[in-house]
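Here is a short report on one protein chain.

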Amino acid sequence: MEKPVTPRAAAPGPRRRDRHGRGMRGPIAPPQVPLAASRAEAFADLVQDSVERLERRWPQLADIDFLVLEVPRLDGPGEAWNEEAVPLGGTISAREGRPARVVVYRRPVEIRTKGRDERAALVHEVVVEQVAELLGLTPETVDPRYGEDQG
């Protein structure tokens, strides 16, 4: 009489092959390479670069929070917008111990731009406009190069 064969237990540790016999998929590039950054991370970096550029001229920007949101909310206070004009950014005044905030909306900006350089220019333009609104200044005062073609 033959002894029944028991199935072999799966080896502990990571699987080396998927069910089709191919190796496990991994990242396309190592984490230190810019390709590995998500679109949201790359966009946040553009906003941070713009803020750092302006902070050299306006040190008071250190007291303002800069946020990136995917899309504007429909029900936000004072957010009157229609389907023809989706905002690219906004401001929230300081109140109750919370600092003033500048918000840049990632998806509307991405939709309006084609490449990284064009996106960086539009992000900077939006940041300059929102900072100017918070500080009660013109965008040209905040950044003398505002409005110049950066292409």
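This is a predicted model. Start with helix α3, residues 116-135. It has 20 residues, and at 1.5 Å a residue it should span 28 Å. Just after α3, Gly136 takes a positive phi of about 70°.

Which residues of α3 are buried? They are Leu122, Val123, His124, Val126, Val127, Val128, Gln130, Val131 and Ala132. An α-helix has 3.6 residues a turn, so residues three or four places apart point the same way. The buried residues of α3 pack against the elements in this table.

| Partner of α3 | Residues |
|---|---|
| α1 | 39-55 |
| β1 | 65-69 |
| β2 | 89-92 |
| β3 | 101-105 |
| α2 | 106-111 |
| α4 | 139-142 |

**The nonpolar core**

The largest nonpolar core has 21 residues. Val47, Leu54, Val104, Val123, Val127, Val131 and Val142 have the most contacts inside it. α1, β3 and α3 each supply at least two residues of this core. α3 gives the most, with 7 residues. In soluble globular proteins, nonpolar side chains tend to be buried together.

Take Leu54 as one of these core residues. Which residues does Leu54 contact, leaving aside its neighbours within four places in sequence? They are Leu61, His124, Val127, Val128, Val131, Val142 and Asp143. Among them, His124, Val127, Val128 and Val131 are also buried residues of α3.

**The chain as a whole**

The chain has 4 helices and 3 strands. Along the sequence they follow the pattern α-β-β-β-α-α-α. Of the contacts with a separation of 6 or more, 57% join residues 24 or more positions apart. The chain has 151 residues, and 25% of them count as buried. It exposes about 11,300 Å². Carbon and sulfur atoms supply 52% of that area.

**A loop residue with positive phi**

Glu96 lies in the loop between β2 and β3. Is Glu96 buried or exposed? Its relative accessibility is 77%, so Glu96 counts as exposed; the cut-off for exposed is over 50%. Most residues other than glycine have a negative phi. Glu96 is not a glycine, yet it has a positive phi of about 45°.

Key
Residues numbered from 1 in each chain as written. Predicted model: local features only at pLDDT ≥ 70, side-chain atom pairs only at ≥ 80, totals over all residues. Heavy atoms only, no water. Expected span 1.5 Å × (residues − 1). Buried < 20%, exposed > 50% of the residue type's maximum accessible area, 1.4 Å probe, protein only. Contact = heavy atoms within 4.5 Å. Areas by Shrake-Rupley, 256 points an atom, 1.4 Å probe, with all protein chains shown as cover. Core = buried A, V, L, I, M, F, W, Y, C linked by side-chain atoms within 4.5 Å.
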